[in-house]
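This report is meant for a reader who has not seen the structure before.

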Amino acid sequence: MPEKAATERSPPSLSFSGSGFLVLYQIGAVQALWEMAPDIIKSAPKVYGASAGSLIAAAVVFKTNLDELQKTFLEAAIEARKTIPGPFYPCFNLTGFLKKALLKFVPDNAHELATGRLHVALTRLSDGKNILVSDFKSKEEVIQALICSCFVPFYCGIVPPSFRGVRYIDGGFTNFQPLFDHTSMITVSPFTGEIDICPRDCPVSHYCLQICNTSFQLSAQNMCRVSYSLFPPSSILLREFYCQGYKDAILFLKTSNRLKIPNSKSRKIQKSC
């Protein structure tokens, strides 16, 4: 009983699922948390992320400018939509885009800020085992771990990247929502399921699968979101996902009695959404 009480008093950690181009949803959710309940982010002892969710986990740890981050992903989506094959078009280099963006947003002391707090999910190529990396020796190692976590074979390239001499692929393949069933964890995902912050589709006659360490509701809306995560929709629709993430985070804060008094900027965002 004392151990349980201590767990309930401890600040919750954060977990961001794989999301692809729907990473805009998670940016909106983090924006709402920063503005309406900043203590949740500041006090989170650990921040987990898989695939594109690892980029948002890193943004939380490094206190990245979310407006600039949103703009960067929108630009990538616009570039991917220029041809019919989209991200599969040879001239669209998603890994190259990630490297350029990470060099811009990851601070020089990233390894000091990330060690022990940022946990990046990777899938080891040799045996398909999931690895959570939380120890970093340099800024370059942080960037390489994030690139490995986002690498989808053939979608991002043919030769998988390596971290400390070992090749890895997308962490979402084996750990889509890191520690999603942990008792002291706030989970964020752009896909409907038994997740704390996620879209809420009609639950009637829908079934939730427990797969790849996450909860996924079988619905037409969710299948459409999977498509959008790989093949980005228009910028207008992606901004709607950003607003949806913002509003869903507010709903979570209200239902869990964590909502603080909103400031003028948050009121402006709510109005625009």
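In this predicted model, G116 is partly exposed, because its relative accessible area is 41%. The residue sits in the loop that runs between α7 (110–114) and β3 (118–124). Leaving aside residues up to four places away in sequence, G116 touches P45, K46 and S134. D135 is 19 residues from G116 along the chain, and the C-alpha atoms of the two are separated by 6.3 Å.

## The chain as a whole

The protein chain has 11 helices and 9 strands. It consists of 273 residues, and buried residues make up 52% of them. Among contacts between residues at least 6 apart in sequence, 69% join residues at least 24 apart.

Is α4 enclosed or open to the outside? In α4, 11 of the 11 residues are buried, so the helix is largely enclosed by the rest of the structure. Its buried residues include A52, G53, S54 and L55, and also V60, V61 and F62. Directly after α4 comes K63, which has a positive phi near 55°.

The loop between β2 (47–50) and α4 holds S51. S51 is not a glycine, yet its phi is positive, about 55°. The loop between α4 and α5 holds T64. Apart from residues up to four places away in sequence, T64 touches A58, A59 and F105.

L179 lies in the loop between β6 (166–170) and β7 (185–188).

| Residue | Relative accessible area | State |
|---|---|---|
| G116 | 41% | partly exposed |
| T64 | 11% | buried |
| S51 | 10% | buried |
| L179 | 25% | partly exposed |

A residue counts as buried when its relative accessible area is under 20%. T64, at 11%, therefore counts as buried, and so does S51, at 10%. L179, with a value of 25%, is partly exposed.

## The packing of α6 and α8

Two packed helices are described by the angle between their axes and the distance between the axes. For α6 and helix α8 (residues 139–149), the angle is about 145° and the axes are 10 Å apart. Their crossing is right-handed. On the α6 side the contact involves T95, K99, L102 and L103, which meet K139, I143, L146 and I147 in α8. By class, this contact has 5 nonpolar, 1 polar and 2 charged residues.

## The cavity

Rolling a probe the size of a water molecule over the atoms shows where empty space is left. How many cavities of 30 Å³ or more does the structure hold? The structure holds 1 cavity of that kind. About 130 Å³ of space lies in the largest cavity. Its lining is made up of 14 residues, and those closest to the centre are L55, L69, A101, L102 and F105. The elements giving two or more residues to this lining are α4 (52–62), α5 (66–80) and α6 (94–105). The most comes from α6, with 5 residues. By class, the lining has 13 nonpolar residues, 1 polar residue and no charged residues.

## The largest pocket

The largest pocket has a volume of about 580 Å³. Of the 29 residues that line it, the closest to its centre are S19, G20, S51, D170 and L230. Which elements give two or more residues to the lining of the largest pocket? They are α4, α5, α6, β9 (214–218) and α9 (220–230). By class, the pocket lining divides into 21 nonpolar, 7 polar and 1 charged residues. Three of the elements named for the pocket, α4, α5 and α6, are also those named for the lining of the largest cavity.

Notes: Residues numbered from 1 in each chain as written. Predicted model: local features only at pLDDT ≥ 70, side-chain atom pairs only at ≥ 80, totals over all residues. Heavy atoms only, no water. 1 Å grid on protein atoms, 1.4 Å probe; cavity = no way out; pocket = protein on both sides within 12 Å on 5 of 7 lines; lining within 4 Å. Points joined across faces, edges and corners; volume = space filled by probe spheres on them. Helix = DSSP H or I, 4+ residues; strand = E, 2+ residues; numbered from the N terminus. Nonpolar A, V, L, I, M, F, W, Y, C, P; charged D, E, K, R; others polar. Buried < 20%, exposed > 50% of the residue type's maximum accessible area, 1.4 Å probe, protein only. Contact = heavy atoms within 4.5 Å. Axes fitted to C-alpha atoms, helices over the stretch in contact; angles between N-to-C directions. Left-handed = near helix turned anticlockwise from the far one by under 90°.
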